[in-house]
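This report describes a single protein chain, shown below. Please keep the sequence and the structure in view while reading.

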Amino acid sequence: MNMKKEEKKIEKKAEFVRTGISGFDSLFKQGIPSGSSVLVEGGPGSGKTLFLLNIAKAMCAEGKKILYMSFEEPEYRLRAHLKNFGVDAETYEKKGLLYIKRFNALDIARSVEALLSEAKKELLIEVQPVLIPTNFNPDIVLIDSLTSIGSAFSGEESRFRIYMEQLFRYLEGHKITSFLIRETANPTHIGGTFIEKGEAVSFLSDGIIALYNVFYKSGYRGRAVEIVKMRGVEINRKIVGFDIVPGKGIVVHPERMIKGHDYILT
């Protein structure tokens, strides 16, 4: 009896994050466990950045503090994307709920090298001064993208892996829920041959959300999303269609399952 009471207490303490993306959260029984690090992977033009911006939109509306770290698009363009979704980014920034900042991945790589040199190549480095701003305490961190960071560590895969390990450890230790974009040439989990720089990233993450370009034999090009894995929760294991709707953003259609053999996923 006591054991059951303890289990119930633990269940009550469990917290979950909902992305707020129309139709997407119904693919979870409960949601994403708070504090999880989730990869959002896909090819060029699959909607990865818009997916993260939709999360920022929903979370800011809930009063959550969002840090959007871009290594590709400049701040003004990200604000423009949000405006297309009906979001005034500057209003949230003034309220202290949104922090959008563009970083230089090469600066990250150089800083990591300097810190590793000081530590005499030991595995312990301080992630905070290398990447996470010290003047903002986020509930959610959005990183766009790990691929850009990895490219800056050209020829230094071991250092990239060390940095990734420390980054994931930092996010976990501070109980920060994070969504991190990774660009892949092919869907690796369905038989692709793409080899990721820093293969440990997949194992370090708590979840993987895959966004696909769907090419039909008819010539039509669609979009689809799948939750590949999510530790600690039940997920709906199917690939479903989604659209990018002006004024709304991403709209997932849980009932529109991708099936048959007349398409190719990329």
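## Strand 7 and its partners

Two strands are said to pair if DSSP finds at least two bridges between them. Within this pairing, Ile 143 stands opposite Leu 180 of strand 7. Strand 7 also pairs with strand 3 (residues 37-42), again in the parallel sense, over 6 bridges. Here Leu 180 in strand 7 is the bridge partner of Leu 39.

Is strand 7 (residues 177-183) largely enclosed or open? Because 6 of its 7 residues are buried, strand 7 is largely enclosed by the rest of the structure. Buried means under 20% relative accessible area, exposed means over 50%, and partly exposed lies in between (1.4 Å probe, protein chains only).

## Basis of the model

The model is predicted: local features need pLDDT of at least 70, side-chain atom pairs count only at pLDDT 80 or more, and totals for chains, interfaces and linings use all residues. Residues are numbered from 1 along each chain as its sequence is written, and side-chain values use heavy atoms, with hydrogens and water left out.

## The chain as a whole

The chain contains 9 helices and 12 strands. Helices (H or I, at least four residues) and strands (E, at least two) are DSSP runs, numbered from the N terminus. Of the 266 residues of the chain, 50% count as buried.

Contact means heavy atoms within 4.5 Å. Among contacts between residues at least 6 apart in sequence, 68% join residues at least 24 apart.

## Helices 2 and 3

The axes of helix 2 (residues 48-61) and helix 3 (residues 75-84) come within 10 Å and cross at roughly 70°. That angle makes helix 2 roughly perpendicular to helix 3. Axes are lines fitted to C-alpha atoms, for helices over the stretch in contact, and angles run from 0 to 180 degrees between N-to-C directions. Angles under 35 degrees count as roughly parallel, over 145 as roughly antiparallel, 65 to 115 as roughly perpendicular and the rest as oblique.

Helix 2 contributes Thr 49, Leu 50, Leu 53 and Lys 57 to the contact, while helix 3 contributes Leu 78, His 81 and Leu 82.

## A loop residue

Asn 236 lies in the loop between strand 9 (221-230) and strand 10 (240-245). Asn 236 has 32% relative accessibility and therefore counts as partly exposed. Its C-alpha atom is separated by 9.3 Å from that of Pro 254, which is 18 residues away along the chain.
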